[in-house]
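I opened my notebook to write down what I could look up in this structure. Here is the model I worked from.

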Amino acid sequence: MKRDDNDPELLPPGVDPNVLKIGIRRVSARNEASMRSVMTVRGHELVTDEPQGGNTGPTPLEMTLSGLLGCEGVIINRCATAMRFKYSALEIDADGEVDGRGSRGVRGVRPYFNWVKLKIRLHSNETPERLERLKKNVEYRCPVMNLFREADVDVEADWKLVPE
């Protein structure tokens, strides 16, 4: 989906657009000469590993998909709040295709996702039209989804309403 800054369905900004709101995100990592890394983020510890390593955590690419799902959850909540869109729960699943040859140095093979498919189930009695507006705003605002798309990853999101 191409970003259209002039789309009338876009919600107004939730901050003053004329005041910079720059933030720095900091993560530290330690790797002891293995496939396992331990990251620290604001006092939280995260682990990545590979199945053929010690399999003590998700792979970095799985963590990337997790970041996408977490980001979608935050942005859905922000947009729903701004729209007064009522929902009681959200479920998201993600599948992503990657060719493992890329991260092993095969030229011409990208080392990241070719495509990502999301299944988003929103438990709500809102109308399909309101869901469509929510979707448009979430996909416009979600930082991680936009990073994927800017990297030319084909991202498809299948949104469904689940009646409450």
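My entries follow, starting with the ground rules and the overall layout.

**Ground rules**

I am working with a predicted model, in which local features need pLDDT of at least 70, side-chain atom pairs count only at pLDDT 80 or more, and totals for chains, interfaces and linings use all residues. Residues are numbered from 1 along each chain as its sequence is written, and side-chain values use heavy atoms, with hydrogens and water left out.

**Overall layout**

I looked up the secondary structure and found three helices and six strands. Helices here are DSSP runs of H or I with at least four residues, strands are runs of E with at least two, and both are numbered from the N terminus. Reading from the N terminus, I get the order β-β-β-α-β-β-α-α-β. Along the principal axes, the C-alpha atoms fill a box of roughly 50 × 35 × 35 Å.

Next I checked burial, where buried means under 20% relative accessible area, exposed means over 50%, and partly exposed is in between (1.4 Å probe, protein chains only). Of the 164 residues, 29% are buried. The protein exposes about 11100 Å², and carbon and sulfur atoms supply 51% of that. Those areas come from the Shrake-Rupley method with a 1.4 Å probe, and for residues only the protein chains shown count as cover.

I also looked at contacts, meaning heavy atoms within 4.5 Å. Among contacts with a separation of 6 or more, 62% are between residues 24 or more positions apart.

**The core**

A nonpolar core is a set of buried Ala, Val, Leu, Ile, Met, Phe, Trp, Tyr and Cys residues joined through side-chain atoms within 4.5 Å. The largest one has 27 residues, and Val116, Leu134, Phe148 and Trp159 touch the most other members. Elements giving two or more residues to this core are α1 (60-83), β5 (115-123), α2 (128-141), α3 (143-150) and β6 (154-162). The largest share, eight residues, comes from α1.

I zoomed in on Trp159 and skipped its neighbours within four places in sequence. Its contacts are then Glu72, Ile76, Ile120, Leu131, Leu134, Lys135, Val138 and Glu139.

Just after α1, Arg84 takes a positive phi of about 60°.

Leaving aside neighbours within four places in sequence, Asn137 is in contact with Glu9, Leu10, Leu11 and Cys79.

**Salt bridges**

Side chains of opposite charge can pair when their charged atoms come close. I counted a salt bridge when a side-chain nitrogen of Lys or Arg is within 4 Å of a carboxyl oxygen of Asp or Glu. That rule gives nine salt bridges.

One of them joins Asp7 and Lys136, with the closest N and O atoms 3.1 Å apart. This pair links distant parts of the chain, 129 residues apart: Asp7 is in the segment before β1 and Lys136 is in α2. Asp7 counts as buried at 16% relative accessibility, whereas Lys136 is partly exposed at 25%.

Arg133 and Glu9 form another, at 3.6 Å. Arg133 sits in α2 and Glu9 in the segment before β1, 124 residues apart.

**Out on the surface**

Ile24 is exposed, with a relative accessible area of 68%, and its place is in the segment before β1 (28-31). Arg42 is also exposed, at 72%. I found Arg42 in the loop between β2 (37-41) and β3, with a positive phi near 45°.
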